2 protein chains.
Amino acid sequence: MSALTNAIEILRCFSSARPDLSFADVMALTGKPKSSTSRLLRSLRDCGLLEQDPHTRRYRPGLLTFELGRLHRAHDDLISMAERELREVCARTGHTGYIAVLDGYEQVVLRIVPGSNPLRVVNPPGQRTPALATSNGRAMLARLTDEDIRARVPATYPKLPRNSPQNFKQLMARLDEIRRTGVSEAADESIEGVGSQGFALKSGETGEMIGIAVSYSVQATTAAERADVRRELAAMAAKLRRMTGDPLDQDTARVQTGTR
Amino acid sequence: MSALTNAIEILRCFSSARPDLSFADVMALTGKPKSSTSRLLRSLRDCGLLEQDPHTRRYRPGLLTFELGRLHRAHDDLISMAERELREVCARTGHTGYIAVLDGYEQVVLRIVPGSNPLRVVNPPGQRTPALATSNGRAMLARLTDEDIRARVPATYPKLPRNSPQNFKQLMARLDEIRRTGVSEAADESIEGVGSQGFALKSGETGEMIGIAVSYSVQATTAAERADVRRELAAMAAKLRRMTGDPLDQDTARVQTGTR
DNA sequence: AAGGCAGTTCCAAATTCCGGAACCTTGTCC
DNA sequence: GGACAAGGTTCCGGAATTTGGAACTGCCTT
């Protein structure tokens with residue numbers, strides 16, 4: 001096992017759950033003897049990969065990781081990062097993927113990932129739709145405060161497709177459901193026979209939010225397939241949220257009663 | 001020279017000016033033989049510290065640096081406290097705020113608070129600049145001992161913008177002025193037409209130091225506005241120093257003649 | 001076909017790393 | 001104050017990794 005491998009093993013001990021570690025923590029987590037841990041921690045600290053709190057003596061990722069991390073992100077902004085993940089999911093499931101942003105009470109499609117299944121693409125990039133009537137649109141709305149939502153929805157509630165929420169109360173009920181379950185689903189709304197599932201992704205850095213959805217024909221898919229999509233989306237959401245530092249928990253905590 | 005040292009040497013080749021590097025770039029920058037470079041790059045890639053673009057084959061900082069970078073001082077009291085205050089000042093004045101730390105004779109931007117005034121942000125987080133040429137950088141240096149400063153500044157004094165101190169003596173004169181007046185100001189240094197005012201904040205608990213600055217367009221602000229910024233900053237500094245137990249007086253008391 | 005570019009693999013010598021044990025430091029308890 | 005424990009560092013010989021020159025492999029270009 002090389003010195004670099006050991007160094008990485010230490011670095012990988014840090015996580016959002018454990019953003020800083022004591023000497024003893026590192027020893028316990030890596031299972032290495034004291035002398036090795038001591039030497040390695042010192043090296044990592046000296047080279048800037050770790051920092052040590054002068055008071056508590058605990059270690060945390062260093063300035064160098066911060067600088068390098070910023071450079072990594074430069075190549076991978078929120079949208080292209082999400083698009084890459086979405087492509088994989090669409091390739092696996094055969095369905096069509098969407099990435100959109102919120103603008104007022106509408107959403108605008110930014111990217112589309114055509115699936116292999118024969119389903120005509122009806123929402124090209126630039127397409128504007130009421131966010132109230134799509135899975136990812138509602139997922140984005142669900143992350144706003146109730147106050148903010150009220151301000152966005154027009155005074156006279158818009159006329160929406162049959163299966164969409166028909167008034168403000170119905171809308172809030174659906175958003176609460178999304179907040180509770182973390183799942184946003186749509187079927188037979190904007191387009192007859194088309195369903196979708198989506199979620200909202202927010203960058204911890206810039207605060208920008210995008211909505212990601214996978215869309216399919218309701219008739220041509222089985223319940224099992226749709227459950228599979230749900231699993232795929234959940235995994236993608238988890239991965240992307242880790243990558244972008246999505247501040248998911250702080251968002252709605254104070255506003256809603258349920259915990260999410 | 002240890003394997004880790006060599007690895008770090010490679011990682012330090014990356015910067016905002018050079019966010020990705022080819023094999024040849026790394027070889028040229030480190031001066032190491034081909035075989036060593038090849039082995040090391042592969043190790044770094046395999047462990048996640050670097051990524052390789054599958055198409056161009058160029059290297060860039062990897063996902064691991066991104067994840068660790070997010071953890072860097074993620075819940076640092078000093079910084080988040082300062083950021084909160086800075087946000088208020090920036091909201092009131094409309095100017096852009098920066099929080100940075102000192103690393104050698106350079107500073108690294110940690111946080112930025114965009115102002116409402118139209119001034120393009122040219123120093124994103126992670127940006128590295130000579131601390132000698134910024135208001136908050138010099139404010140931080142001013143709180144070190146003369147001995148420490150001398151050790152940090154390179155033997156051959158770096159070439160700095162026109163309005164920055166051009167040699168060690170000029171630098172010390174400016175630092176003494178900061179120590180005397182408690183005010184650090186910059187104008188037309190790193191960026192033409194941009195001025196800033198800053199101060200250094202030190203935690204009495206951990207001893208860590210950060211530099212806080214407010215930046216504005218020199219042309220688009222009046223002297224009165226800048227005086228207002230000075231008052232805002234003085235108030236913020238006083239408040240933060242009380243909150244963090246900044247041991248301001250002990251710092252330089254022994255070193256300098258004036259009391260501040 | 002030859003040549004240059006980009007990078008990998010091989011190998012023996014040399015350096016570094018590993019980990020047990022002894023040794024410091026600091027804070028704590030009686 | 002003295003003893004003790006926890007937390008951490010230093011030492012050292014044997015073991016393992018690293019090193020860099022040279023040869024090798026693809027892959028373009030001329």
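This is a predicted model: local features need pLDDT of at least 70, side-chain atom pairs count only at pLDDT 80 or more; totals for chains, interfaces and linings use all residues.
**Around the DNA**

DNA strand C has 13 residues around it, and the closest are A:Asn6, B:Met1, B:Phe23, B:Ser38 and B:Arg42. Of the DNA strand C atoms that come within 4 Å of the protein, 57% belong to sugar and phosphate. Sorted by class, the surface near DNA strand C splits into 4 nonpolar, 6 polar and 3 charged residues.

| Side chain | Atom in DNA strand C | Distance |
|---|---|---|
| A:Asn6 | phosphate oxygen | 2.4 Å |
| B:Ser38 | phosphate oxygen | 2.5 Å |
| A:Ser35 | base nitrogen | 3.0 Å |

Which elements give two or more residues to the surface near DNA strand C? They are α3 (34-47) of chain A, plus α2 (23-30) and α3 (34-47) of chain B. The largest share, 4 residues, comes from α3(B).

**The sheet in chain B**

Chain B also has an open sheet of 6 strands, paired antiparallel in the order β5-β4-β3-β8-β7-β6. At its edges stand β5 (128-130) and β6 (184-187) of chain B; each has a single partner strand, so one side of each is left without a neighbour in the sheet. On average, neighbouring strands are turned by 35 degrees against each other, direction ignored.

Within this sheet, β3 (residues 96-103) and β8 (residues 209-217) of chain B pair antiparallel over 5 bridges, and B:Thr96 sits opposite B:Ser215 in β8(B). Helix α9 (residues 223-244) of chain B packs on the sheet, touching β6, β7 (194-202) and β8 of chain B. The direction of α9 makes about 15 degrees with that of β7(B).

Technical notes
Residues are numbered from 1 along each chain as its sequence is written. Chains are lettered from A and ligands numbered from 1 in the order in which they are written. Side-chain values use heavy atoms; hydrogens and water are left out. A residue is near a molecule or strand if one of its heavy atoms lies within 4 Å of it. A polar contact is a pair of N or O atoms within 3.5 Å; within protein, one must be able to donate a hydrogen and the other to accept it, and residues adjacent in sequence count only if both atoms are side-chain atoms. Ala, Val, Leu, Ile, Met, Phe, Trp, Tyr, Cys and Pro count as nonpolar, Asp, Glu, Lys and Arg as charged, and the others, Gly among them, as polar. Two strands pair if DSSP finds at least two bridges between them. Axes are lines fitted to C-alpha atoms, for helices over the stretch in contact, and angles run from 0 to 180 degrees between N-to-C directions. Contact means heavy atoms within 4.5 Å.
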